[in-house]
Amino acid sequence: MPQSADPSCAPEGFPIVGIGASAGGLAAFETFFAAMPAETDSGMAFVLVQHLAPDHESVLADLVKRYTEMSVRLVEHGMTVEPGCAYIIPPNRDMALLNGALQLLEQTAPRGHQLPIDFFFRSLAQDKKEQAICIVLSGTGSDGALGVRAVKGEGGMVIAQTPESSAYDGMPRSAIATGMVDYVLEPAEIPARLIGYARHAFGGAPAPTAASTLDTDDTLIKVCVLLRAQTGHDFSHYKVNTVARRVRRRMALHQVEAPTEYLRFLQNNPREVEALFRDLLIGVTSFFRDADAFEALEETVIPRLLGENPAGVELRVWVAGCSTGEEAYSLAMLIHEQIDILDLPVNLRLFATDIDRRGIEHARAGVFPPTISADVSAKRLSRFFEQDADGGVYRVRKSIRDSVIFSEQDVIKDPPFSRLDLISCRNVMIYMDGALQKKLIPLFHYALNPRGVLLLGPSETVGDATALFAPVDRKWRVYEKQAEVPGADGPSFRSIVSGSTRAAAPPAVRRQGLPTEDTISLARVTEQSLLDHYAQAAVLVNRRGEILHIHGRTGSFLEPAPGDAKMNVLTMARDGLRRELSTGLHRVVGREESVQYTGLRVRTNGDHIFVDLTLGRAVQKADGAAMTDLFLIIFEERPPTESRDTGDADDADTDAEPPSADIDARLATFEQELRVKEEYLQTTIEEMETSNEELKSTNEEMQSVNEELQSTNEELETSKEELQSVNEELTTVNTELQNKVTELSRSNNDMNNLLAGTGVGTLFVDHQLCITRFTPATTQVMNLIQSDVGRPLAHTVSNLVGYDQLVEDLQTVLENLAPIEREVETKAGNWQLMRLRPYRTLENVIEGAVITFVDITRQKRAELATERALTLADTIIDTVREPMLVLDADLRVVRANGSFCRVFAVSKAETEGHLVFELGNRQWDIPELRRLLEEIVPKQNSFDDFEVSHEFESIGRRMLMLNARLVRPRDKDGELVLLAIEDVTPPDPSSRLGDA
C-alpha cells in the first residue's frame, strides 16, 4: 500500500439528507420530524421527495411545519440549498441537485413509471459525494433502490425504515435487498442516529488526513492484514485514499474516534471485517451505464468482432469485476441484438467474474427491481426480461441467461480466461495503485485474440503499455490489441501471484532497513563497473539477426536504416561490416562454430576505422549447454597502426619519392586480382542461376508440403487452444453446476422429508396413469414397492374395500381438470380421505395427476360415536314419560319429547326451532321462569323444584314443577339447557290430566 497520501482536510460544505417516501409516507415524515430535537443545530439540509399526483396539491409542507422549527420551503427552480432548512418537491416534477442548487425538470415518463426518488438520489451522490445521506421511508414499489447504490458507491450513508413499522414496506424492503443499507431503524430512531453520524463525520475540527493519522499508526496496513486473514483478498495495493476513506466512514458509522480503537473493534468483531470488505467492494453499476460507451461498442466494435469471426465460432467475452451482473447482461443484450441484425450463426460465451460472492449470487439469480426500466428501453425489457404478473421484479430470460457464466474470481491472483475477443474491466483499476495496473494490462493483452478489444472505465487508461494496445475510442477508453513486439516480455503469472503476496508485507518492515531480496551486492556492482569500462561493444541477436540486447556503445558500427524502424543487425550495419556480418551469422547458425574477422575497414561519419568482428553462440550456462537461438556479435575497434593493410606505412615512406616501376607492378597486381574476382563472380552467378532453377522447382514442392503441414499445425494448435479453453470453461461451469446440484439435492431432501413427515400418502402418475413417484405412507393403502415406479396404476393391487373406480376417476380428473374427493375404507378397517387433482408445473402445464390419502379414521370413528350418542340421547328423551325440552344457549327449543307434545297438545313443528317463551301463543312467557332461565341457570348451572301455576289455553290451569340443568360439552361450545316438567296439579274429579 502506498505510504503517503495527499493531505485532505474535512470536506467543505455541509451534508444534505435526501428523504424518499411514497404511500404511507406522511405518517413517517410526521414521526421523523417530531423526533428531531428542536434545540439542536444539525448543520444539515433536508430534501423531501414524495410520489405525488400531477394535479394534487401537496400537504407535506404544512405537515412538516407543525413538527419542526426549521425553515420549510417548497422548491423553486434554481433554489440554493442551505443548512438548517427543509425542502419539499413540488408535484409533477423531477428534481436534481447541481452545484448545491435544486433544479426542477418536467416529468417525461408515463404515470406509474416515474422514479423521482432514484433520480434525486443519483444527483445527490454525484454532487455531494461522501456528504450525501439518503433515507428510504414507507412506500410501494422499489423507487430509491438504484439511488441507494449510487449514494453508497460515493461513500455516503444510507438509512431505511424498518418494514414492520412501514405502512407499505415495498420501498424499504427493496432498499434493504440491495445490501447497501447502513441502518434499518424506525422513523422515531432515525434523527438521533443521523445527528450522531453527522457530528462525528462532518462536525468539529477538520478530520485527520489519511497520511497524518491512519498511515502514521500503520492502521491501514493492519486493517489490510485483518481483511486478508478473514476474506483471503489483499487490499494492500489499493489506493491509500480509497481504503482510508472507507475506514473513516466505518469509524463514523460506529462513532469511533481513534484509528487504534477501530482496529481493536475490527479484531473483536469479524462481522465488522466483513462489512468493511463489502464497503471496499461497492460496485456502482447499472444497466448500460455510460450509454455512449455502449453505443460506441454497438456501432463499431461488436459488428467488427462478429464479422471477423468465422461462421459458427464462439464470440468470447470476459467482464472482470461484474458486481451484480448489470454490465454483463448489458453486453450480452448488445451482442445478441447484433447477431440477429447481421444474421450470423455465432454463439456467445460471456464470462462474468467478481470477488464479491453475494454480488455473484445476485447476478446468477438474474432478478432485478422494476426501477431498471429507467436504464433499459421498453423494447429490450420485453425481449430480454420477464416481469412478474403483479408488475413486480424483472427476470432475465433463459435465452440470454444461458450465454452468461458467472463465477467468483480474483483478477489479481487467479488465472485469466484466454482466446477472448472482448474484455470489459470498467472502474476496477481506478482503485488500484500503479504496480497492480502495470500487471493487469499485460495480462489482458495475453488473454485477448489478435485484434481483440479492451474496454476500460472513463477514468482508466493502459498507461505506458502503448505498444500493447492502440486506442479505438479515446473518450470511452476502447483499445485494440497490438501484435507482440519481438523480444518483448509477456506477462508473468508467477510475478503477479507472488507479487501480491510480497506487496502485502508491511512497509514498516522495509523501512527498518532489514535485509531483503533487493539488497545490493557489492561484488556485482564492481563486476558491472569493470564491464562498462573495459568490455567491447556487443549485441545479442537471434538467428534472423533481430537485436535482443545491446551492450556498450555501438554507434560506430551500427546505424538506423532508412524506412520503417527495424532492429535488425544486418540492415543497421555500416559499410564494411554488412557482408561479413551476413556471411558470419550464416556460418554460426548453420555450423555452430565461432567466426572471426580482423582488420575490417568500416566507414563511419565520413572517415574509416578498423574493426575486429567476432560472432558466436551466447555464453554457455553453468551446466555446459549453450543457449538455443541466441548469438553474440562483438565489435572491437583497432588502432590504424595494427591494420592488416601495411601498405599505408609504405605509402607514407614513398610519398617523398614514389618509384614508377613499383607503381606499375602494384597496378598490375590489382588488375589481376580484379580479373580473378570478376571471373569468380561470373561463375558464381551462373551456378546460382542453375541452382536457383532447381530451388524453384523444389520450392514449389516444398511450398505445397509446407501448406499442408501448416494447415495441420494450425488445426493442432487450434485444438490445443480449444481444449485449454474448454477445460477452463468446464471448471467454471462445474463450479456453477455443483452449486445447483447442492441446492437441488437439498431441495429434494427437504421435499422427501416434508412428504414423509406429513404422514399423508401421495402418489404421482403421468398422462398414461403410470406411477412416477409415491411416499411411504401410500403403501398402507396400496401394495406398492419401489420397482413399481413406471408401471401402470391399473396393474397394482389396492387395499380399498368397495372402491374400484380409481382409474376411471383419474381419467375424469385429467379430462375435466376438476378435483375429486372420496372417503374410502381399507381392509384393515381404517378410513382415508382420497383427493385426486391434476398435476400442474410452474408453467401451468398438466403433466399427470396426484393422489393424496389422508387418514381420517379417528374423525370417522368420532363421527359414528357422535351419531350413536345422538341416537341414544334422542331415544332416552323420547322414552321419558315426563314432558321434557332441550334448549340451546339462546333458549330456543332444540328437542321436545313426545310426552311434552301430548300433554300440552302441540306438535313438534310448532315447538322445535322456536323460543321457549313464544310457544303456544306465548303461554310459556312466565316472568319468573324467564328470570330463572336467563340469569340463574348460567350462574348456578341448574334450578330444582320450581313451582309455577299458569293458565294454558288448551288444558286449563296447571300446577307445574320445573327442573333445569345446564349441559356443557367438553369443548365448551354449544351449551344446552335440559328442562324437565312435572304436573303436580291437585286431582280434579271432573277432569284428569291423563285424559287430556
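Start by selecting residues 291-308, which form helix α12 in this predicted model. Helix α12 has 18 residues, and its first and last C-alpha atoms lie 25 Å apart, close to the 26 Å expected at 1.5 Å a residue. Center the view on Glu298, where α12 bends by about 45°.

Next, show the side chains of the buried residues of α12: Ala293, Phe294, Ala296, Leu297, Val301, Ile302, Arg304, Leu305 and Leu306.

Move on to residues 857-879, helix α26. Helix α26 has 23 residues and reaches 33 Å from its first C-alpha to its last, close to the 33 Å expected at 1.5 Å a residue. Within α26, pick out Thr857, Lys860 and Ile877, which are buried.

The last stop is Thr911, found in helix α28 (residues 908-911). Why does Thr911 count as buried? Its relative accessibility is 1%, and buried means under 20%. Select Leu885, Val893, Ala896, Phe900, Val906 and Leu919 to see what Thr911 touches, leaving aside residues up to four places away in sequence.

Notes. Residues are numbered from 1 along each chain as its sequence is written. This is a predicted model: local features need pLDDT of at least 70, side-chain atom pairs count only at pLDDT 80 or more; totals for chains, interfaces and linings use all residues. Side-chain values use heavy atoms; hydrogens and water are left out. Helices (H or I, at least four residues) and strands (E, at least two) are DSSP runs, numbered from the N terminus. The expected span of a helix is 1.5 Å times one less than its number of residues. Buried means under 20% relative accessible area, exposed over 50%, partly exposed in between (1.4 Å probe, protein chains only). Contact means heavy atoms within 4.5 Å. The bend at a residue is the angle between axes fitted to the seven residues ending there and the seven starting there.
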